[in-house]
Amino acid sequence: MMIRQYFQQAWAQLRQQPLISAVTVAGTALSIFLIMLVVMMQQVKVAPFSPESNRDRFLHVKWGSITNEAWGESTSNGPLSVRTAREVYGKMTTPEAVTIYSVFSKSRPVSLPGQPAISVDVRETDNQFWTVFDFVFIDGKPYDQATFDAGQPVAVITESVARHLFKTTQVTGKEFLLAHAPYRVCGVVKDVSTLAETAYGQVWIPYTSTDQINNTWNEDLMGFVSCTMLARDRSDFPAIREEANRRLDEYNKLIGEDGWKFINRNRPYDQEKNVLATGANWEPDVKVERRNRFIIFLILLIVPAINLSSMTQSRLRRRISEIGVRRAFGCTRMELLGQILGENLVITLLAGILGLLMSFLFAYWGNELIFAQQYSMTLNPPTVDASILIHASTFGWALLFCFILNLLSTGIPAWRASRMNIVEAIGGKNH
Amino acid sequence: MEKKLFTQIRNEWHSNLWLALELLVVSVVMWYIIDLLYSRIATYMEPRGFNTEHCYLIEMGVLTDKSPDFTPYSDTHKQSDEVRELVERLRHRPEVEAVSLSQNSYPYNGSNSGLDVMYDTLHAPGWTIRRLATPDFCRVFQYKGTRGETSEQLAELLERGDFLASDNLYHHYQISMTSLVGKKAFRFNWSSPDDSTEYRLGAALQNVRYSDYEQGRFCYSMLYNLNLIGEGWINADNELCVRVRAEHDKNFIENLKADSEKQFRVGNLYISDIRSFVDIRRNYQQSYANELRNYIVGMGFLLLNIFLGLLGTFWFRTQQRHSEIALHKALGATNGDVFRRLMAEGLFLLILVTVPAIIIDIVLAQNELNAWHNGTTLEWNRLLLCASATFVLIALMIGIGIGIPARRAMKVQPAEALHDE
């Protein structure tokens, strides 16, 4: 009953003052639109979507830092060697699974014999990769432990690559040339967005089928691979970190005989911290990033809120005698406050839905502009779809920001209106 | 007249307070953004010390034993020979102007190595980039010497075994490298800190910037001939960079890819990827581009809010003052007077908040909370320029925001409005 009245009241107000209503709705929608774009820009990095549906359970060691007694203060920074990744992280028992894979996908020529080649992004992985990341297989299956250990030239390819090479996606068992070596397709997966930065590729092959193990620097300690652990639960993170540190200490003892020492920088990082780790030689500060995002949200809320406040204020001024009459007939201050906030919330929510819709459309059509990735090795654009953009939390955030914006923009005027002297209010006296 | 304006602003104090508050917040945030944009653009416009137009990066691949064409390397079959052969073949393509091999050297490169360049007791700064490249690297990226040396001359100096260094290497001692050109007693710390091999400085380079968003004065680098430090350094992991003649820079990537199978497979070596420096540059600087995009959108958002806020507030105001404006006109005020009066009210508010806004700007700059440029956050001329730009932009929005209701107010017909009086 009350809700219905809010709607009627809100609608009547919107119609009374078309220009002011337009300004109010535009201001609110604009604010929610930009806030939600900021939210989505962060969500594509940390919210789950296939093949990185377990992002909340990931712990990453993307890079490592190493020093030598002879170097003094200097450090060497970059991805790990297969040997290091295996010895330190590969044998861990606390996580559900650990995968080792090449740090970036590399562009490589792919073709059928005698036909022109195309460049595709190739990632070299182990067989655990397929446990940690949940790819959608539309044909065949991933390579298993035995195939991996034997270093067989097999490949998982995406739907698009399969179509390009063979004109169909049912191609398990067929052969093609990858970097001039024959590989057999063992599985076909749905295309992966470059936004799934850790798992992304167009073709995946066992790193034992190439020279990756010997592709090293700093005496076999550094190389070109990274490592991701899948925890059974987030609550296992401390135990996993503890095991990782213990194993790193042991490894440091071993390599310490030649003066080497790995510098930890508190790795492994969870997903939120890992996306900030664009370089190997520094530890990202998640708190600073969160604070910066908070400031952005604050500005995106406060500036329109001040605007809307002055608009609400003016609107309430016109209803002053109505408020007076209500109060005279026994409406309490709290009821009045609730009513004004409620009426405005209807308008805020309407405008908020508009803003949210705009942000979805904008994110979808403007993906290359909005989600352009930093320091990425691929030139392919970041594609987005509903599974990437729309999460339950997206709506939760939108709703939360609408509430805050409503409170900020209506709170003070509503509070002042509810404190008004009844006699003066009925008399129609301004403020 | 002015006195009336004051009275009017005071009378509308309550809604003016909101406006003033909004203008204050916006003018501080706007200044921050404009200051940042100014710093970025000023840095961007500086000379780069290199040129990547018409340049391409070729990635080499090596066959694995999975390939039927693979032949293992040996003393007589060396990877370095294959790499050199590939370079020669590329050099013979008619559209190619210069080809170089290098290690952690090309512009917009996230990987780098460091080196200390010592002269007597002088040391280079900690972040001095070591570029190891074949002499033609200077021609590919068109490096220039401080004394007018051309890329060709620089390449000859490298060929002779001299090294090159950016002019600012001893900047912290107030010594320019140009003044040390020709000196022979330079030492590097690359093999061991006590290495006593001495090198001659062939020329000082016009500062080579690390990227378009880093200032030349803070980018230190040295360049030495990759051919002179041992055969093992020439391998398939080297960066193979190509400059294409400007007049022939059409479909270079497609043409080279098409020919690569027949002409550019040398033993185990093949061309695995070709990228234009346009892409490499954009990719490397994406984080800066994203930042600029965010700030520009933020600026647009704030300006739009000012516009909406003033539009809404003054729409109300002209409605409320309907009869007052009519009276004003009845007593002989022209349309222009009415328009100017409303405009003056908005602009006066802006002038009023600009004073505290600039004070806040100065405090922020003193506390190093804004953008860095020329090694500082507080430069008075920059602050003044950016604060003025902020003022002008906001004034413009006020003009448009008030303009619309003011035009409506001008149309008030005194006879109708004062009908009841």
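Mentor: A definition is needed before the strand: a strand here is a DSSP run of E of at least two residues, numbered from the N terminus. Please keep in mind that the model is predicted.

Trainee: In which strand does Ser221(B) lie?
Mentor: Ser221(B) belongs to strand β8 of chain B, which covers residues 221-225.

Trainee: Does Ser221(B) count as buried or exposed?
Mentor: Ser221(B) counts as buried because 26 C-beta neighbours lie inside 10 Å, and the cut-off for buried is 20 or more.

Trainee: What does Ser221(B) touch, leaving out residues up to four places away in sequence?
Mentor: Its contacts are Thr128(B), Ile129(B), Arg131(B), Ser166(B) and Val208(B).

Trainee: Now the helices. At roughly what angle do the axes of α2 and α11 of chain B cross?
Mentor: The axes of α2 (residues 13-45) and α11 (residues 380-410) cross at roughly 125 degrees and come within 9 Å. That angle makes α2(B) oblique to α11(B). The crossing is right-handed.

Trainee: Which residues of α2(B) and α11(B) make the contact?
Mentor: Among them are Leu23(B), Met30(B) and Trp31(B) of α2(B), and Cys386(B), Leu393(B) and Ile394(B) of α11(B). By class, the contact has eleven nonpolar, two polar and two charged residues.

Trainee: How many residues does each chain give to the contact between chains B and A?
Mentor: Chain B gives 36 residues and chain A gives 36 residues. On the chain B side, α8(B) supplies the largest share, 14 residues. That side divides into 16 nonpolar, 15 polar and five charged residues.

Definitions and conventions. Residues are numbered from 1 along each chain as its sequence is written. Chains are lettered from A and ligands numbered from 1 in the order in which they are written. This is a predicted model: local features need pLDDT of at least 70, side-chain atom pairs count only at pLDDT 80 or more; totals for chains, interfaces and linings use all residues. Axes are lines fitted to C-alpha atoms, for helices over the stretch in contact, and angles run from 0 to 180 degrees between N-to-C directions. Helices (H or I, at least four residues) and strands (E, at least two) are DSSP runs, numbered from the N terminus. Angles under 35 degrees count as roughly parallel, over 145 as roughly antiparallel, 65 to 115 as roughly perpendicular and the rest as oblique. A crossing is left-handed if the near helix is turned anticlockwise from the far one by less than a right angle, and right-handed if clockwise. Two residues are in contact if their C-beta atoms, placed from the backbone, lie within 7 Å. Ala, Val, Leu, Ile, Met, Phe, Trp, Tyr, Cys and Pro count as nonpolar, Asp, Glu, Lys and Arg as charged, and the others, Gly among them, as polar. A residue is buried if 20 or more other C-beta atoms lie within 10 Å of its own, exposed if 12 or fewer, and partly exposed in between; C-beta atoms are placed from the backbone.
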